[in-house]
Amino acid sequence: MDIDMLFYEKEGWGQSYFRIAGVDEVGRGCLFGDVVAAAVILPEGLIIEGVDDSKKLTAKKREALYELIMEQALAVGVGHVDSSMIDEINIKQASRLAMKKAVKGLGILPDYMLIDAEKIDLPLPQQAIIKGDANSQSIAAASIIAKVTRDRLCEGLWEDLYPDYGIAIHKGYATKLHRERIVTLGPTPMHRRSFLGRILVEQPTLF
């Protein structure tokens, strides 16, 4: 059975909400770098073929859809929270803060928010949807914008800053290569210290 990716949007439009923002974040499980969120408001009734949970798409497909979404969205906002703030307030709160920043960055105020399994601290009507990026086109679009934004940082700026860590390859996730580099070279200022406890304790087992 095909999922109606506009099911939740249609419910909103039926209640006269026409600026529905889909919101999602990426990088929650990474050891390195910012958690990045995006908020996307798409025109009522628009269907962008192929939009789905960014994790299910190839990098090439995500890049192509990113361009389409940027062209056709009424508004797009992106929010970042860096590793020191993640360590300070924890990753759940940091993800919520990045989402809030993304919504505030839209430039137009949404009248309704569809969020991937989270609550955003803004006085706006909102609905948290479990596996939202696989069930709502707006949330899926946000997941694609957030993922491409973060991947470009991993392959560009962050790779240039710390070329010995393989950031462009593993995107900050806890791969064997990444864990080995952290043990060998020590963490960078962009590593999330609160995530590294076990890796730095486990050192002997890596060799």
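## Domain interface

Between domain 1 and domain 2 the count of salt bridges is zero. The model is a predicted one. Its chain is divided into domain 1, residues 6-153, and domain 2, residues 158-199. Their C-alpha centres are 26 Å apart.

Contact across the boundary involves 16 residues of domain 1 and 20 residues of domain 2. The size of an interface is often given as the accessible area lost when the parts come together. For this pair of domains, the buried area is about 1,700 Å², with 61% of it on carbon and sulfur atoms. On the domain 1 side, Leu 31, Phe 32 and Asp 87 lose the most area to domain 2. Together, Leu 31, Phe 32 and Asp 87 account for 49% of what domain 1 buries.

## Largest pocket

Rolling a probe the size of a water molecule over the atoms shows where empty space is left. In this model the largest pocket has a volume of about 190 Å³. Its lining comprises 14 residues. Nearest the centre of the largest pocket lie Glu 25, Val 26, Gly 27, Lys 55 and Tyr 173.

The most is given by β1, with three residues. By class, the lining of the largest pocket has eight charged, four polar and two nonpolar residues.

## Second largest pocket

The second largest pocket has a volume of about 160 Å³. Its lining includes Asp 4, Met 5, Leu 6 and Lys 10. Ile 47, Ile 48, Glu 49, Gly 50 and Val 51 also line the second largest pocket, as does Gln 137.

By class, the lining of the second largest pocket divides into five nonpolar, three charged and two polar residues.

One cavity of 30 Å³ or more is counted in the model. The largest cavity holds about 40 Å³ of space. Among the residues that line the largest cavity are Leu 6, Glu 9 and Trp 13, together with Ile 20. Leu 42, Pro 43 and Leu 46 also belong to this lining, as do Gln 137 and Ser 138.

At least two residues of the lining of the largest cavity come from α1 (7-14), and at least two from α5. By class, this lining has six nonpolar, two polar and one charged residues. Leu 6 and Gln 137 are listed for the lining of the largest cavity and also for that of the second largest pocket.

Terms used. Residues are numbered from 1 along each chain as its sequence is written. This is a predicted model: local features need pLDDT of at least 70, side-chain atom pairs count only at pLDDT 80 or more; totals for chains, interfaces and linings use all residues. Side-chain values use heavy atoms; hydrogens and water are left out. On a 1 Å grid over the protein atoms alone, a cavity is a set of points where a 1.4 Å probe fits but cannot get out, and a pocket is an open set with protein on both sides within 12 Å along at least five of seven lines; lining residues have an atom within 4 Å of a point. Grid points are joined across faces, edges and corners, and a volume is the space filled by probe spheres set on the points. Helices (H or I, at least four residues) and strands (E, at least two) are DSSP runs, numbered from the N terminus. Ala, Val, Leu, Ile, Met, Phe, Trp, Tyr, Cys and Pro count as nonpolar, Asp, Glu, Lys and Arg as charged, and the others, Gly among them, as polar. Domain bounds come from an automatic or database domain assignment. Contact means heavy atoms within 4.5 Å. Buried area is the accessible area (1.4 Å probe) that two parts lose on being put together, summed over both. A salt bridge is a side-chain nitrogen of Lys or Arg within 4 Å of a carboxyl oxygen of Asp or Glu.
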